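Subject: Two-chain model, handover and findings

Hello,

Here is the structure we discussed. Please load it first, then read the notes below it.

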Amino acid sequence: MVAWQKKDLLGLENLTAEEIELILSTAESFKEVTTREIKKVPALRGKTVVNLFYEPSTRTRVSFEVAAKRLSADVINIATETSSVKKGETLIDTGKNIQALKADILVVRHSASGACVTLARHLGISVINAGDGWHEHPTQALLDIFTLKEKLGKIKGLKVSIVGDIAHSRVARSNIWGLSKLGAQVTVCAPKMLIPPGIEKMGAGVTCNIDQALKDADAVNVLRMQFERDEGEAFPNQLEYFKQFGITTERLKSLKKNIVVMHPGPLNRGIEISSEVADGANSVILEQVTNGIAVRMAVLYLVSGATTK
Amino acid sequence: MEFKEKAMIMDKEAIARALTRIAHEIIEKTKGTKELAIIGIRNRGAYLAERITALIEKIEGIKIPVGILDITLYRDDLTTIAEHPQVHKTEIDFDITGKKIVLVDDVLYTGRTIRSALDALIDFGRPRYIQLAVLLDRGHRELPIRADFIGKNVPTALKETVQVKLKEADGKDEVVILEQKG
């Protein structure tokens with residue numbers, strides 16, 4: 001096994017397959033910790049983790065907070081609506097101030113693609129990307145891959161389809177990088193206007209035909225349709241979208257019997273996925289949430305090791 | 001740092017005899033095997049725990065719960081060593097509360113691993129007591145910890161290393177002392 005040497009986790013694009021495997025196997029060990037009665041280990045005792053979120057998030061922020069606390073780290077949450085960011089402080093200045101407070105790990109969500117990369121370059125402390133613009137959301141993809149591996153026993157050779165707003169999705173990008181590196185075959189599927197140009201260069205198959213995307217698929221990752229982004233006439237309405245791309249029991253009937261249905265949340269029931277499927281036997285949506293804690297514990301543990309002298 | 005082999009201090013037969021004696025001592029000291037459970041420290045302690053458990057089960061004709069403990073997350077040097085060591089799974093699928101635990105490791109040296117193991121175990125419950133069995137005690141303790149069952153006492157110099165090889169991990173059973181080159 002390789003040793004982890006990176007101080008930051010900025011995306012899956014710049015990781016090797018071995019590094020991704022290391023995170024996954026470390027997460028497996030941490031999953032056992034989360035099943036104990038005392039779910040806390042002293043590994044990051046005395047370390048401080050700061051959650052700096054420039055975009056609303058409950059799921060990811062709480063997941064990082066739980067993960068850090070289970071490692072015995074101290075956690076500080078900064079919501080930018082109530083911070084000096086409102087007074088015009090720049091991202092780098094905010095980061096440098098957090099570093100001056102002697103924090104060890106900075107978990108960042110930002111609406112600008114590349115925000116975490118910029119911060120990581122300016123700071124000596126670890127930066128973990130919790131979602132930056134349309135760029136990457138590495139821990140989400142890692143927990144998707146972890147869940148898939150747990151369900152199907154392997155990643156290599158799997159056919160995974162990602163359905164939904166690919167253009168605006170950092171989850172899709174991180175999943176394509178991670179899954180392809182581990183040898184899965186990824187297909188993305190969306191209405192034409194939501195497929196970004198050049199996505200096939202990342203190694204994914206592209207189609208606008210949902211039946212084609214799901215035929216032979218071992219798993220489908222259903223993304224949330226971001227209707228708040230409504231971009232004019234070509235943008236489908238909710239009912240149209242559900243009819244054409246929604247994952248329903250009817251649709252599952254013609255697919256692999258044990259197809260794994262994933263969704264990063266929050267769910268829009270009756271838009272990208274029917275309630276029946278979301279709560280059904282193929283769905284692993286809540287297991288993804290549970291696994292997210294183990295995966296984030298693994299990431300916090302590994303990056304923290306890379307900065308100790 | 002490079003090491004060269006200085007001496008072989010236990011061969012396959014010596015290891016087997018030591019483990020058989022430890023198994024008998026454990027039965028004697030716990031006055032039977034009621035509430036007894038064996039837990040080995042990864043990696044080689046886990047293999048030794050399985051062997052000792054099998055010996056006790058053969059002698060007493062009953063099943064003994066056996067578990068594996070990974071102490072990585074409880075180490076006291078995580079803040080000082082570069083690159084965190086790999087975390088492996090702890091596998092204890094029984095309730096340790098009220099159990100007479102025998103903790104098993106291959107070599108007892110500074111005592112720091114055992115300190116970590118005690119902290120880790122206590123997070124799983126409140127055992128009746130915890131005792132310690134080791135294949136080798138090489139001295140140089142840095143904490144007030146001692147073993148209850150010892151395969152062999154080996155006085156060593158600090159510049160030496162004791163290496164336990166077990167067939168489950170290394171293909172053969174033997175214990176050698178290594179010495180720093182040069």
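**Contact between the chains**

Chain A brings 22 residues to the contact and chain B brings 17 residues. Two residues count as in contact if their C-beta atoms, placed from the backbone, lie within 7 Å. On the side of chain A that touches chain B, α1 (17-34) and α11 (285-307) of chain A each supply at least two residues. That side divides into 11 nonpolar, seven polar and four charged residues. Here Ala, Val, Leu, Ile, Met, Phe, Trp, Tyr, Cys and Pro are nonpolar, Asp, Glu, Lys and Arg are charged, and the others, Gly among them, are polar.

A note on the source: this is a predicted model, where local features need pLDDT of at least 70, side-chain atom pairs count only at pLDDT 80 or more, and totals for chains, interfaces and linings use all residues. Residues are numbered from 1 along each chain as its sequence is written, while chains are lettered from A and ligands numbered from 1 in the order in which they are written. Helices (H or I, at least four residues) and strands (E, at least two) are DSSP runs, numbered from the N terminus.

**Domains of chain A**

Chain A splits into domain 1 (17-137 + 292-307) and domain 2 (138-288). These bounds come from an automatic or database domain assignment. Over C-alpha atoms, the two domain centres are 26 Å apart. Domain 1 gives 19 residues to their contact, and domain 2 gives 20 residues. On the domain 1 side, α1, β4 (126-132) and α11 of chain A give two or more residues each. The largest share, five residues, comes from α1(A). By class, the domain 1 side has nine nonpolar, six polar and four charged residues.

**Helix α3 of chain A**

In α3 (residues 91-100) of chain A, the buried residues are A:T94, A:G95 and A:I98. Buried means 20 or more other C-beta atoms within 10 Å of the residue's own, exposed means 12 or fewer, and partly exposed lies in between, with C-beta atoms placed from the backbone. The three cover an arc of only 100° around the axis, so they sit on the same side of α3(A). The arc is that of the directions from the helix axis to the C-beta atoms. Exposed A:N97 and A:A100 are on the face turned away from the buried side. The cover over the buried residues includes β1 (48-53), β3 (105-110) and α4 (115-122) of chain A. Just after the helix, A:K102 has a positive phi of about 70°.

**A loop residue**

A:K257 lies in the loop between α9 (249-253) and β9 (260-262) of chain A. A:K257 is exposed, because 8 other C-beta atoms lie within 10 Å.

**Chain B**

Strands β2 (residues 36-41) and β3 of chain B run parallel, joined by four bridges. B:I38 stands opposite B:V66 in β3(B). In β3 (residues 66-69), B:V66 and B:I68 point one way and B:G67 and B:L69 the other, and all are buried.

Helix α3 (residues 112-122) of chain B has buried residues B:T113, B:I114, B:S116, B:A117, B:A120 and B:L121. They fall within an arc of 155° seen down the axis, so they line one face of α3(B). Their cover includes β2, β3, β4 (100-108) and β5 (129-137) of chain B.

Best regards

Terms used
Pairing = 2+ DSSP bridges.
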